[in-house]
Amino acid sequence: MSASLQLTGVVGGYGAVRILHGVDLTAEAGGVTALIGSNGAGKSTTLRTVAGLLPVAEGSITFDGDPIETLPTDQRVDLGVVMVPEGRLIFAEMSVEENLRLGAFTSRARDNTADNLAKINDLFPRLHNRRNQAGGTLSGGEQQMLALGRGLMAEPRVLLLDEPSLGLAPVMAQHIFEIIEELRRTGLTILLAEQDVHRTLEVSDHAYVLESGEIALNGPSAQMINDPGIQEAYLGL
Ligand SMILES: Nc1ncnc2c1ncn2[C@@H]1O[C@H](COP(=O)(O)OP(=O)(O)OP(=O)(O)O)[C@@H](O)[C@H]1O
Ligand SMILES: [Mg+2]
């Protein structure tokens, strides 16, 4: 079900402003791949480029071995490339359940709406209890769960997560990482951009460090967590 994602020499950015200068990265099928790096390194830009919200100027992106870099966003979603953007972007006036149902907009996912809703209710009992509440009245952490749940309603084969723990209280952030671990156990391919480097290395299999739009280093997360350079630069040790 899940699929691999590969970026090769990806150059891109915003119009004439180049941010990515040749990004090489592989998210293995069924694994969690971390994308870490300081503010402005280009993590969100990378995810937006994979999702098709920004064009690829040079290089290629393959999904399950097939090139996708020229496909429009909706076709990438149809294939299963689904992003949960930073900032959540939920619909404040709509109920929790309506927000979730909006995620099921691909024909593939629409047929399974009831099943997927049930799965998401199991994963997020807090959302189930609040299913008739307006999205805008949820707490920050609950809104992040809703954004995640909505992404899952589209039946991703690779899930692009941008800063899911940003701005959350420690307990809620911890819960979000537990959910990511649970999704990892289901074998979903995840590409996770995060500021919380320590937790991100704990929940991921492999990690890439992005610096000024280029991959500076990469390696197994378990190894990176013990790397003195990483500890000094990103873990405050
Ligand atoms: N819409 C935009 N137009 C022009 N430049 C942009 C735009 N959005 C982001 N940038 C620039 O692209 C660079 C990379 O930004 P990006 O958001 O990808 O970084 P990031 O690694 O996700 O950072 P953060 O950790 O703060 O989320 C930054 O210098 C930023 O100013
Ligand atoms: Mg970002």
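A salt bridge is taken here as a side-chain nitrogen of Lys or Arg lying within 4 Å of a carboxyl oxygen of Asp or Glu. By this rule the count in the structure, which is a predicted model, comes to 7 salt bridges. Side chains of opposite charge can pair when their charged atoms come close. The points below take up several of these pairs together with their setting and accessibility.

**A pair within one helix**
- The side chains of E97 and R101 form a salt bridge, with an N to O distance of 3.0 Å.
- Both residues belong to helix α3 (residues 96-102), and because they are 4 residues apart in this helix, about one helical turn separates them.
- E97 counts as partly exposed at 23% relative accessibility, and R101 likewise counts as partly exposed, at 43%.

**A pair between distant parts of the chain**
- R184 and D205 meet through their side chains in a salt bridge of 2.8 Å, N to O.
- This pair links distant parts of the chain, since R184 sits in helix α8 (residues 170-185) whereas D205 sits in the loop between α9 (197-203) and β9 (206-211), 21 residues apart.
- With a relative accessibility of 24%, R184 counts as partly exposed, and D205 falls into that class with 38%.

**A further pair and a network**
- A salt bridge also joins the side chains of R199 and D196, where the N to O distance is 3.1 Å.
- R199 is partly exposed, having a relative accessible area of 21%, and D196 is partly exposed with 23%.
- Elsewhere, R126, R130 and E142 are joined into one network by salt bridges that share partners.

Methods:
Residues numbered from 1 in each chain as written. Chains lettered and ligands numbered in written order. Predicted model: local features only at pLDDT ≥ 70, side-chain atom pairs only at ≥ 80, totals over all residues. Heavy atoms only, no water. Helix = DSSP H or I, 4+ residues; strand = E, 2+ residues; numbered from the N terminus. Buried < 20%, exposed > 50% of the residue type's maximum accessible area, 1.4 Å probe, protein only.
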